[in-house]
Amino acid sequence: INAEYGGPHTKGGFKSTQHDGGPSQIIIESKQYRNKKENRLNTVFEKEPPEEIEKRKLDAQKPLKRLAGKFPSDTYYGELIDIPLRPPWNYEMSKEELEKNEERMFKQYLDNIYNQYQRERLNYFEHNLEVWRQLWRVCELSDILFVLADCRHPLFHFPPSLYRYVVKSMRKPLVLVLTKTDLVPEKNVHLWLNYFKKTFPGLLVTAARSFERDNTN
């Protein structure tokens, strides 16, 4: 599950297809995706200001500065906002009734976020209801779920709001797999394993590598 399912928070973000409309306009236009199979699951984010894009381009040209010996604080993600929750449903409901309930809930979810937070404080989170619907159904049908995170910067790929949804709300096992561990020192791998186990109770954490470690030297 990609980190874009992690929901909104007040720092950083992921960008893909961009959109100029406000929350109400976005929820209406998401209906169009149901009529176009090829576009149904397109990621829809709010449009990023041109000056912000230029600033990011300039920042990307600067050399990286590694902070040796420092580990992330609890404020890395900023203020977390939970992902939208699927409204209660049952098999006696019609498809139309179910979809209307989900659309009503999602519109309210977006409106509440934009009424509570200034737009510049929010990351660029998913505005396409169809994408969230896929997440809900995958989580409901799954007995266990896995999140793969690059061990070189796992915080960037791990969504705490998804952890809270799966582990706390759905009470299902969630496994975080730290990948590409052969590209970082073994000490760092153990530090990350301990960090996630301590910070996110109930989260199962393991590490994976592409090649066996060479112990001949």
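These are my notebook entries on what I looked up in this predicted model.

**Ground rules**

I number residues from 1 along each chain as its sequence is written, and my side-chain values use heavy atoms, with hydrogens and water left out. Since the model is predicted, local features need pLDDT of at least 70 and side-chain atom pairs count only at pLDDT 80 or more, while totals for chains, interfaces and linings use all residues.

**Entry 1: the overall layout**

I started with the secondary structure and found six helices and five strands. Helices here are DSSP runs of H or I with at least four residues, strands are runs of E with at least two, and both are numbered from the N terminus. Along the sequence, I read the pattern as β-α-β-α-α-α-β-α-β-α-β.

Next I looked up burial, where buried means under 20% relative accessible area, exposed means over 50%, and partly exposed lies in between (1.4 Å probe, protein chains only). Buried residues are 40% of the 217 in the chain. The accessible surface (Shrake-Rupley method, 1.4 Å probe, with only the protein chains shown counted as cover for residues) comes to about 13700 Å², and 51% of that belongs to carbon and sulfur atoms.

I also checked contacts, meaning heavy atoms within 4.5 Å. Of those in the chain with a separation of 6 or more, 80% are between residues 24 or more positions apart.

**Entry 2: the nonpolar core**

Which residues touch the most other members of the largest nonpolar core? A core is a set of buried Ala, Val, Leu, Ile, Met, Phe, Trp, Tyr and Cys residues joined through side-chain atoms within 4.5 Å. The largest one has 39 residues, and I noted Phe158, Leu174, Leu176, Leu178, Phe196 and Leu203 as those touching the most other members. Two or more residues each come from α3 (95-116), α4 (129-141), β3, α5 (160-169), β4 (174-179) and α6 (186-199). Helix α3 gives the largest share, six residues.

I then followed two of the phenylalanines. Phe158 sits in the loop between β3 and α5 and counts as buried because its relative accessibility is 2%. Phe196 is in contact with Pro154, Leu155, Phe158, Leu176, Leu178, Leu203 and Val205, leaving aside neighbours within four places in sequence. Phe158 and Phe196 are 38 residues apart along the chain, and I have their C-alpha atoms at 9.9 Å.

**Entry 3: helix α5**

Why do I call α5 largely enclosed by the rest of the structure? I do so because seven of its 10 residues are buried. I listed them as Pro160, Ser161, Leu162, Tyr163, Tyr165, Val166 and Val167. The cover over these residues includes α4, β3 and β4. Just after α5, I spotted Arg171 with a positive phi of about 55°.

**Entry 4: Asn128**

I found Asn128 in the loop between α3 and α4. With 0% relative accessibility, Asn128 counts as buried.

**Entry 5: salt bridges**

Side chains of opposite charge can pair when their charged atoms come close. I counted a salt bridge when a side-chain nitrogen of Lys or Arg is within 4 Å of a carboxyl oxygen of Asp or Glu, and the count is 13.

- Arg133 pairs with Glu102, with the closest N and O atoms 2.5 Å apart. Arg133 is in α4 and Glu102 in α3, so this pair ties together parts 31 residues apart in sequence. Both Arg133 and Glu102 are buried.
- Glu140 pairs with Arg86, with the closest N and O atoms at 2.7 Å. This pair links distant parts of the chain, 54 residues apart: Glu140 in α4 and Arg86 in the loop between α2 (50-60) and α3. Glu140 is partly exposed at 30%, whereas Arg86 is buried at 14%.
- Asp59 pairs with Lys62, with the closest N and O atoms 3.4 Å apart. Asp59 is partly exposed at 34%, and Lys62 is exposed at 52%.

I also noted a network of salt bridges linking Arg86, Glu102, Glu130, Arg133, Arg137 and Glu140.
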